[in-house]
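Please look at the sequence and the structure below before reading on. The paragraphs that follow go through the strands and then through the charged side chains.

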Amino acid sequence: MKSFPVNSTPQPSKKPLSVLQKSISRNASIRLKNEIEYRGKVSNVDPYMNVILTDAEEYENGKLSANYGKVVIRGNNVLYIRLDATL
């Protein structure tokens, strides 16, 4: 039987919800199942992965279609979420 070294340093959680909760105040692009994309700053997220974006913009077919101050996106409509690498 092979043994593996135990790392004494705790590793950060890689669960999607944990990553999303740590991304508050970061810019994100959220693609919905209906092909619409929203871009803005993550303001809040709940355990169902519902997301509130501020300074949100709506894109259809890659073109800006609307500007919103704040949008609430229901988690079960999300296809994927892309977070910006910078804060």
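In which sense do strand β1 and β2 pair, and over how many bridges? Strand β1 (residues 27-32) pairs with β2 in the antiparallel sense, over five bridges, where strands are DSSP runs of E with at least two residues, numbered from the N terminus, and two strands pair if DSSP finds at least two bridges between them. Within this pairing, Asn27 stands opposite Lys41 in β2. Before going further, note that this is a predicted model, in which local features need pLDDT of at least 70 and side-chain atom pairs count only at pLDDT 80 or more, whereas totals for chains, interfaces and linings use all residues. Residues are numbered from 1 along each chain as its sequence is written, and side-chain values use heavy atoms, with hydrogens and water left out.

Another antiparallel pair is made by strand β3 (residues 51-60) and strand β4 (residues 63-73), which are joined by nine bridges, and here Thr54 stands opposite Lys70 in β4. β3 and β4 form a hairpin with two residues between them, and Asn61 in the turn has a positive phi of about 55°.

We can now turn to the charged side chains. Side chains of opposite charge can pair when their charged atoms come close. The structure holds four salt bridges, a salt bridge being a side-chain nitrogen of Lys or Arg within 4 Å of a carboxyl oxygen of Asp or Glu. Arg31 forms one with Glu35, their closest N and O atoms being 2.6 Å apart, and Arg39 forms one with Glu37, where the corresponding distance is 3.1 Å. Glu37 is buried, with a relative accessible area of 7%, while Arg39 is partly exposed at 31% (buried means under 20% relative accessible area, exposed over 50%, and partly exposed in between, with a 1.4 Å probe and protein chains only).

Glu37 also forms a salt bridge with Arg82, with the closest N and O atoms 3.5 Å apart. Since Glu37 lies in strand β2 (residues 36-45) and Arg82 in strand β5 (residues 78-83), the pair ties together parts that are 45 residues apart in sequence. Finally, Arg31, Glu35, Glu37, Arg39 and Arg82 are linked in a network of salt bridges.

Definitions and conventions
Helix = DSSP H or I, 4+ residues; strand = E, 2+ residues; numbered from the N terminus.
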